[in-house]
Amino acid sequence: MKIGIKGINRASAIVTVALTAGAVLAGSVFAATAQAATPPTPTIAAKGGYVMNNGTAKTLFTKAADTRRSTGSTTKIMTAKVVLAQKNLNLDSKVTIQKAYSDYIVSKGASSAHLIVGDKVTVRQLLYGLMLPSGCDAAYALADKFGTGTSRAARVKSFIGKMNASAKSLGLTNTHFDSFDGIGNGSNYSTPRDLTKIASSAMKNSTFRAVVKTKSTKQKVTTKSGGYRYMSWSNTNTMLSSYSGAIGVKTGSGPTAKYCLVFAATRNGKTVIGTVLASTSATTRTADMKKIMDYSFKK
């Protein structure tokens, strides 16, 4: 059987077309893979943001990550961390709620756990009151309990000193606290990177992890008369219900701080942790978080 020149050329052309189509298809697959591997960096409304892999400490997202800003109630992450770092800590020891704590809430117009004067509340319960409803009264009670000194003012000053010492021990150079709850006096600041590192360190503690992932709780406390009452607290951190894999950490807001959020989530064995500072609203800080968390899980 003879094949003419034209037949050979036609066969070659078919092979060439097939090879070219295959190359184009392969190229498209590689291009799509490369594009999937490098998602576009999201834009957020917050003035600062930072995300890292909690297991490797690898940076996954940054925006003005080292610019000092007011932190609002995200300060309370360090408050809890200092309490949980106390030697021979008894989480079931009771603290009597003082009038000074409720007076402070009223004078500052601060967020409250609605603690009742004279009630005896355990340290563990105070941690829930601190981190879920963001109780500044709970923060005051803990600072008074775990600071040292002969006066309440001295104990509070001592406790804030412990907060700064803890930041220093983590090697943080852009963080300073002048309050136990974030209602600062002009010198309470941190950065997205530093706050993320504080939260990452705090999350190593099992009690802290248990508290910050709790959506709501009902706690039985002892009253002044020896009876009991129930305190119900809901978490201000709505990402626990709205973001798959969310495990914490803390909201914050204020006239200077605007809207802040320190957050963490675990998916497929990978834990990502981060911070946004000075977002424009509570809704926007959640949207910012979702954008950069989705982005970070893809990296």
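The largest pocket of this predicted model holds about 420 Å³ of space. Of the 25 residues that line this pocket, G72, G182, S253, G254 and P255 are the closest to its centre. A pocket is an open set of points on a 1 Å grid over the protein atoms alone, where a 1.4 Å probe fits, with protein on both sides within 12 Å along at least five of seven lines; lining residues have an atom within 4 Å of a point. The volume is the space filled by probe spheres set on the points, which are joined across faces, edges and corners. Strand β7 (residues 246–254) gives the most to the lining, with five residues; strands (E, at least two residues) and helices (H or I, at least four) are DSSP runs, numbered from the N terminus.

The model is a prediction, in which local features need pLDDT of at least 70 and side-chain atom pairs count only at pLDDT 80 or more, while totals for chains, interfaces and linings use all residues. Residues are numbered from 1 along each chain as its sequence is written, and side-chain values use heavy atoms, leaving out hydrogens and water.

Helix α3 (residues 99–108) has Y101, Y104 and I105 buried. Seen down the axis of α3, the buried residues fall within an arc of 100 degrees, so they line one face of the helix; the arc is that of the directions from the helix axis to the C-beta atoms. The face turned away from this side carries the exposed residues K99, V106 and S107. Buried means under 20% relative accessible area and exposed over 50% (1.4 Å probe, protein chains only). After α3 comes G109, whose phi is positive, near 60 degrees.
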